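Hello,

Here is the structure I promised to send over. Have a look at it first, and then read on for what turned up.

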Amino acid sequence: MASIELLQKVYDQANRGLDIIVGVCPEAADAVANKRNFRLRPDERTPSAHLYPPKDSGDCWHVKDYGMGEGEGFFSPIDLYMWDRGYTQSQFALAVQELAEKYGVQEELKQSINKPEIVKRDALPCELGKPVRITYQDDFTAADLATWGPRVKPEHLTALGWHPVKAIARTTDGVTTIKKATDTYPLYAQECPYQDGQGNMRMFQKVYEPKNANKAYRFSIIGEKPQHYIFGMQALRHKFQEQGEEKLDEVVLVSGGSDAANCLSMGYQPVWLGSETEELQEADYTLLMKYAKRIVVIPDIDDTGIKVGKRLALRLPGIYTAWMNNSDMHLLHDNRGRLRKDLKDYLQLNPHRSDMKRLMDRAHRAQFWTERTTKQGDKEYTISHTDLDYFLELNGFYTLKDESRNEPQYIRIDGIVVQAVTAKAIVGFMKQWMEQQALPAALQDRVLRSHDLPTTNHSTLRERDNFDFGKGTATAQYFHFRNCWVEVTADKITTHRYADGANHYVWADNIIQHDYRPTADMFTVTTDDEGRYRVGISEGAEQCNLLKFLVNSSRLYWRKVDEGGLPLTPEEDADEHLCLASRLANMGYMLTSHKSESEAWATICLDSTMAENVDECNGRSGKSFYISAVSKMVKTFSIDAGNTSFKDPRFIFDGVTSDTNLIFLDECPRKFNYNFVYGLVTGDFRVEEKNKHSYVIPFVQSPKFAMATNFTLSRHDPSTEGRIWPQPFSDYYHVKSQQNDYRESRSIRDDFGQNLMGTEYSERDWQLDLALMTQCVRFYLSLSAGSRKIMPPLTRIERREQMAAVGKDFHQWAEEYFAEDGSNLDRELKADQVLSDFNRETQFGWSPKRMKQHLDAYCQLADHIHCLNPASITQKATDGERWVKRDEGGNVKTIYYVQSQKAAIADAEKAAAEQTILPF
């Protein structure tokens with residue numbers, strides 16, 4: 001579609017251009033209603049721009065800025081748009097295309113509109129057995145030329161063998177089908193002559209249907225096409241003869257016929273192959289060099305075009321390549337909704353000969369040396385610094401933009417994989433490549449002595465900073481294995497080939513050094529009629545060692561079944577299923593990189609079983625292995641919290657980067673300051689490096705936290721509860737000692753006969769475990785926002801925490817002092833007397849405050865006690881409130897009343913009976 005025609009459609013869609021004006025200057029919107037002047041230039045004091053409505057149906061809105069002087073400041077909508085962006089008149093076509101995309105008026109291909117006229121009839125006798133017949137139009141129309149490109153003329157198309165087609169007739173099984181061109185569906189055919197193996201001249205025809213909505217069917221061949229054919233050779237030979245058989249400055253290898261027509265319209269002789277992926281052979285290169293001084297390739301800039309272009313540049317290093325880039329295309333789309341990518345697209349947006357020359361001037365070749373023979377017959381070599389850099393870039397070598405470093409940081413890019421390399425490694429690559437190519441020793445010496453090679457302190461390689469190392473989004477997570485990369489969503493797990501590219505990059509050291517094998521679902525998680533989670537283990541899933549470990553570590557009541565031979569109660573069974581469901585979801589959470597303020601939790605792994613002494617710990621239950629398994633999938637920074645001082649925590653996280661997914665604090669001691677971690681869970685993350693600067697990792701890029709401790713938590717306020725995701729571990733794995741009553745010791749190695757994920761672990765076992773973890777991610781993502789944090793059963797842990805709050809010594813004293821058959825229950829006790837009794841017997845010297853804290857905790861823990869200071873006795877609003885009374889001398893005394901369960905039940909029964917007594 002011509003730019004003027006397309007612009008008119010834009011105006012029609014944009015309220016006769018008014019929307020474009022308002023888009024440039026929002027103040028113009030008010031001027032429509034009040035007809036006042038508005039300020040077009042921010043620096044003017046008095047508004048001097050005025051709006052003028054369309055004069056007739058074919059007109060558009062205009063703006064006149066009277067402050068710009070005589071003869072200036074009169075803008076149509078497109079003029080104003082270009083003035084605002086600083087575009088010159090040569091960028092008119094680009095401005096129109098940008099507005100067309102913005103207002104959605106591009107010429108989109110639709111099968112209902114863009115279709116040929118099809119006629120079917122019985123075949124005539126003379127048509128039977130005849131090949132496909134093509135009937136040509138007389139000449140190319142203006143509409144035809146607009147389809148091909150902005151500067152394409154009939155002579156360009158004719159020179160390349162193209163003809164406008166009126167109809168194509170095929171006869172099959174006695175029926176003739178005629179495909180006729182229409183105004184919305186033009187047809188073209190190219191006559192392609194060639195010489196067969198016997199020296200006979202033959203010809204096939206290539207049909208082009210540019211408006212075919214299915215891109216795969218735009219081209220078809222009529223006749224017999226050779227297996228390898230260079231299109232445009234006849235026109236090249238003709239041009240060569242026109243110039244008296246003097247070599248052309250260049251011949252341009254483009255990706256297709258429409259690119260070729262546009263290339264020729266700019267004064268450059270094109271050739272092209274049958275498809276983008278068909279490779280130019282060395283014999284082709286030799287043939288083309290007979291007609292031109294150099295060959296310049298202009299590849300498409302989609303993934304396939306870039307890949308093919310780089311491969312050709314390295315395979316035939318004498319070829320020059322002129323690369324277009326995304327900024328040339330201004331991120332605009334074609335009529336198929338795809339990002340523009342080829343030479344035709346480039347010239348539609350940059351339609352001047354100077355634009356084509358600018359593109360050709362970019363051309364470089366991978367052959368970074370030139371050779372000449374001296375008068376003495378010796379070979380001398382000159383190194384092109386620019387071409388050497390280009391050769392290294394073709395092989396993936398760049399520098400990483402890093403404002404914090406003075407020295408260059410070298411990287412190598414292979415598809416989506418980025419690897420940090422050194423200058424020495426690059427020199428080593430050059431040496432190896434030259435040896436493999438058997439380059440002359442003198443040339444190799446010249447290169448290795450060159451100051452143009454990258455060094456530790458200096459480089460001219462192109463900087464790259466446009467990497468997206470994102471490992472996932474809110475709805476998907478990416479994992480990278482040796483053989484493929486995997487995308488996990490709530491619905492499915494999809495494998496992708498590295499060769500197919502991706503919309504992100506990955507550091508080489510983040511690639512999991514195992515192959516990924518798709519595996520059937522190993523578990524299902526459902527809820528029963530009462531809303532309780534039920535985990536089903538699929539048939540064959542028992543082969544996955546990691547899943548068996550997760551199941552075993554969730555068996556909270558294993559001793560009842562395995563040692564006692566008793567079945568679990570429904571409540572106990574539900575607890576174990578809930579624990580496993582929580583574990584599977586939590587593993588999925590830690591494996592996802594997406595951060596959300598409302599779903600930011602620190603995983604805390606705890607023992608569910610109480611030790612004999614609260615100051616002791618069971619441990620060895622698999623907590624550390626659980627986090628270790630996660631670390632096999634994501635980059636983890638581990639800290640031995642038990643042997644690390646947190647008094648000066650400035651450099652504790654030295655080494656954590658935005659690439660770190662998880663920070664694991666192992667062996668957190670009994671009095672560990674968890675508040676230190678909680679502040680980092682939901683905010684930005686500051687890292688201080690020794691002898692270096694500090695930096696802040698934004699929350700969305702900061703790592704998640706996991707902790708493991710053998711002790712209980714000492715704090716349970718709402719802020720703490722909202723920031724943690726506790727994970728209780730059963731004592732299925734344990735160590736027998738004189739302090740416990742276990743019958744034997746059982747480690748993970750004992751259970752499986754090997755170290756899980758160890759050096760001798762089989763690849764098949766690795767693949768099953770890794771597949772399970774991807775399934776945990778899918779399970780976590782499948783949970784609705786707000787319900788992803790499946791809380792495990794915490795009764796046992798809460799009891800451990802209560803016991804820790806009571807303390808061993810106080811517990812022993814209170815068990816006797818408040819014995820069920822003793823005399824200190826269900827009566828008033830003076831608090832100072834209770835404290836005196838305790839301090840006298842234990843010699844501790846506690847304060848009243850400390851006594852109250854431990855007595856509160858004990859009353860919550862002891863099974864035979866209902867509560868401290870029941871409201872039914874104190875007449876307070878709630879149980880447990882402070883109670884004071886005056887003694888015989890009138891002194892105010894704090895009173896304790898420890899009510900037993902028996903007394904509480906009796907009081908409740910009495911109150912219920914009194915409520916049932918009739919008042920008459």
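**What turned up**

Phe 429 has its place in helix H16 (residues 423-436); helices (H or I, at least four residues) and strands (E, at least two) are DSSP runs, numbered from the N terminus. With a relative accessibility of 14%, Phe 429 counts as buried, where buried means under 20% relative accessible area, exposed over 50%, and partly exposed in between (1.4 Å probe, protein chains only). Its C-alpha atom is separated by 9.5 Å from that of Leu 392, 37 residues apart along the chain.

Before going further, a note on the model: it is predicted, so local features need pLDDT of at least 70 and side-chain atom pairs count only at pLDDT 80 or more, while totals for chains, interfaces and linings use all residues. Residues are numbered from 1 along each chain as its sequence is written, and side-chain values use heavy atoms, with hydrogens and water left out.

**Salt bridges**

The structure holds 46 salt bridges, a salt bridge being a side-chain nitrogen of Lys or Arg within 4 Å of a carboxyl oxygen of Asp or Glu. One of them joins the side chains of Lys 293 and Asp 249, at 3.5 Å from N to O. This pair links distant parts of the chain, 44 residues apart: Lys 293 is in the loop between helix H10 (282-289) and strand E13 (295-297), and Asp 249 is in the loop between helix H8 (233-242) and E11.

Another salt bridge pairs Arg 462 with Glu 393, with the closest N and O atoms 3.6 Å apart. Arg 462 sits in the loop between helix H17 (441-448) and strand E21 (463-464) and Glu 393 in helix H15 (residues 385-394), so the pair ties together parts that are 69 residues apart in sequence. Arg 462 is partly exposed, at 42% relative accessible area, whereas Glu 393 counts as buried at 14%.

Lys 357 and Asp 361 also form a salt bridge, and their closest N and O atoms are 2.9 Å apart. Here Lys 357 is partly exposed at 45% relative accessibility, and Asp 361 is exposed at 52%. There is a network as well: salt bridges link Asp 328, Asp 355, Arg 358 and Arg 362.

**Cavities and a pocket**

How many cavities of 30 Å³ or more does the structure hold? There are five. On a 1 Å grid over the protein atoms alone, a cavity is a set of points where a 1.4 Å probe fits but cannot get out, and a pocket is an open set with protein on both sides within 12 Å along at least five of seven lines; lining residues have an atom within 4 Å of a point. Grid points are joined across faces, edges and corners, and a volume is the space filled by probe spheres set on the points.

The largest cavity has about 230 Å³ of space. Its lining has 19 residues, and Leu 253, Glu 276, Val 297, Val 308 and Leu 312 lie nearest its centre. Strand E11 (251-254) and helix H11 (303-315) each supply at least two lining residues, with H11 giving the largest share, six residues. By class, this lining has nine nonpolar, four polar and six charged residues. For these classes, Ala, Val, Leu, Ile, Met, Phe, Trp, Tyr, Cys and Pro count as nonpolar, Asp, Glu, Lys and Arg as charged, and the others, Gly among them, as polar.

The second largest pocket holds about 1500 Å³ of space. It is lined by 40 residues, of which Phe 469, Trp 507, Thr 657, Ser 658 and Asp 659 are the closest to its centre. Strand E20 (417-421) and strand E32 (694-697) are the elements that give two or more residues to this lining, and E32 gives the most, with three. The lining divides into twelve nonpolar, 16 polar and twelve charged residues.

**Two backbone angles to look at**

Most residues other than glycine have a negative phi. Asp 826, however, has a positive phi near 60°; this residue is in the loop between helix H27 (808-817) and strand E35 (828-830) and is partly exposed at 29% relative accessible area. Gln 843 has a positive phi of about 60° too. Gln 843 lies in the loop between helix H28 (831-842) and helix H29 (848-861) and counts as exposed at 64% relative accessibility.

Best wishes
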